[in-house]
Every structure is written in structure tokens, then in C-alpha cells.
Amino acid sequence: MPGGWRRSLWRGSAAWVLGAMAVVPLLAAEMDDDAYREAVAQLDARAEKALAHCKRLAAGSAAQRRCTVEADSQHAVDAAQLQAQRHPSGNNRFKALAAQVDRRHALAVEDCKTRHAGNDKDSKSAQQDCLREAKQKRAAGIQDAHQQAASEVSIFTPPKSEAERQREADLDTAIRKCDSLLGDANVQCVRGLSPEARLRAISRGSGASPTK
């Protein structure tokens, strides 16, 4: 994959995320439904455009794999940040920070597989060492994200409203329905969820990535 395209994709996406983080404090007013739906549509369109580019690269190549990881992980970062903007809370702030950690980890894993792609004993050993280091960095990053989010939480953080609690209960019901299905039925069910439910499912480790 051309390095210039990777840099432009990263700079554009990173600028959006950093800009959003700069103007959205932890206790900002919640985003209304119309603004949220419009923002979700923009994120999905950006992810689809990035993935469409990836599909034009050599099938199964390291360039295509990295391109796909970049697009998917950036979409997850943007979606988590958007959720934190819609419902400001310590937990959502942590998820937004954790999504960035997961993105760095996913890219590091792909780098390990590319740099140590041989089938010989030395290459396999080097790849395992590389993956182990990436896993350790992710664990440290998640711990830092916990601490940073906790440090930003105020005792004045408002409790969840009844409407928000009911909305989350409805999302969990829809996710459990998908979890009861297997194979393609599960994938199709997850893709049919609302953007908010898909993000919640991913954060819980349920279903598949919405952009796949």
C-alpha cells in the first residue's frame, strides 16, 4: 500500500478524533439524536471509503491486511469517541481511550506478522516475541486508560437518567438475541443492530466488527 495514502488516512482520521477530544469535556451536554445519527453516518461513510480502497489492493497481501486493520480500528476509535460525546461519562471516556490503545495494538500485531513472516524457527520465535511485547504494551495502555479516565471523573458526574437506563436495557436485549445465533446468522444480526448497539456489542466482545 502506498505510504502516502496511509499517512493521509491517518492524518485525516486523527485530526477528527483529536479535534473532537479537544472540544468535548467529560461533562459536556449530551449530543441530541439527530446530530448523533448524522455523525454516525459520516463515520460509516468514511470507513466504507477507506475499506473500499483496501479492497483494491492485492488480495491477501500485507498491504491489504494493514489497510483493513487501519480502517477498522480507526472506525472503532471514532465510534467510541462519538459515544463519549453523546453520553459523557467516565466509562465512555475510558472506552474512547481504550479504543486508541486497541488500535495501536492491532497495528503492532500486523507489523509483527509482516516483519517476521517466515516459516523458519527463528522467524516464528521472533514473531512470538514481538507479539508478546505488543500484548504487554496493550495491557499497560489499558491500565493507563483506566487511570486517566478515573482521574477525569468528578463526584458531580450526573447519574444515568431513567431513559438512558431503559435505552441500555433495550440495547442489551437486542445484543443477546444476536448472541443466541451462530455463524452467518449472528453476523447478519449484528450488522442489523443500530450503530449504538453495534458499538456496545463490540465493547462487550459480542458479534463482529460493523465495518466488515
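**Figure 1. The disulfides of the structure.** A search of the whole structure finds three disulfides. The model shown here and in the following views is a predicted one. A disulfide is a covalent bond that joins the sulfur atoms of two cysteines. When the bonded cysteines of the protein are numbered in sequence order, their pairing reads 1-2, 3-4, 5-6.

**Figure 2. The disulfide of cysteine 54 and cysteine 67.** The sulfur atoms of cysteine 54 and cysteine 67 lie 2.0 Å apart and form a disulfide. The link of cysteine 54 and cysteine 67 is left-handed, with -85 degrees about the S-S bond. Cysteine 54 belongs to helix 2 (residues 33-55) and cysteine 67 to helix 3 (residues 62-86), so the pair ties together parts that are 13 residues apart in sequence. Cysteine 54 and cysteine 67 are both buried.

**Figure 3. The disulfide of cysteine 112 and cysteine 130.** A disulfide is formed by cysteine 112 and cysteine 130, with their sulfur atoms 1.9 Å apart. The torsion about the S-S bond of this pair is about -75 degrees, so the disulfide is left-handed. Because cysteine 112 is located in helix 4 and cysteine 130 in helix 5, the pair ties together parts that are 18 residues apart in sequence. Both cysteine 112 and cysteine 130 are buried.

**Figure 4. The packing of helix 4 and helix 5.** Two packed helices are described by the angle between their axes and by the distance between the axes. Helix 4 (residues 90-115) and helix 5 (residues 121-152) pack at an angle of about 165 degrees, and their axes are 9 Å apart. An angle over 145 degrees counts as roughly antiparallel, and helix 4 and helix 5 are therefore roughly antiparallel to each other. The crossing of helix 4 and helix 5 is right-handed. The contact of helix 4 with helix 5 comprises, by class, 13 nonpolar, six polar and seven charged residues.

**Figure 5. The disulfide of cysteine 178 and cysteine 189.** Cysteine 178 and cysteine 189 form a disulfide in which the sulfur atoms are 2.0 Å apart. With -80 degrees about the S-S bond, the link between cysteine 178 and cysteine 189 is left-handed. The pair links distant parts of the chain, with cysteine 178 in helix 6 (residues 162-179) and cysteine 189 in helix 7 (residues 183-191), 11 residues apart. Cysteine 178 and cysteine 189 are both buried.

Definitions and conventions:
Residues are numbered from 1 along each chain as its sequence is written. This is a predicted model: local features need pLDDT of at least 70, side-chain atom pairs count only at pLDDT 80 or more; totals for chains, interfaces and linings use all residues. Side-chain values use heavy atoms; hydrogens and water are left out. Axes are lines fitted to C-alpha atoms, for helices over the stretch in contact, and angles run from 0 to 180 degrees between N-to-C directions. Helices (H or I, at least four residues) and strands (E, at least two) are DSSP runs, numbered from the N terminus. Angles under 35 degrees count as roughly parallel, over 145 as roughly antiparallel, 65 to 115 as roughly perpendicular and the rest as oblique. A crossing is left-handed if the near helix is turned anticlockwise from the far one by less than a right angle, and right-handed if clockwise. Ala, Val, Leu, Ile, Met, Phe, Trp, Tyr, Cys and Pro count as nonpolar, Asp, Glu, Lys and Arg as charged, and the others, Gly among them, as polar. A disulfide is a pair of cysteine sulfur atoms within 2.5 Å. Buried means under 20% relative accessible area, exposed over 50%, partly exposed in between (1.4 Å probe, protein chains only).
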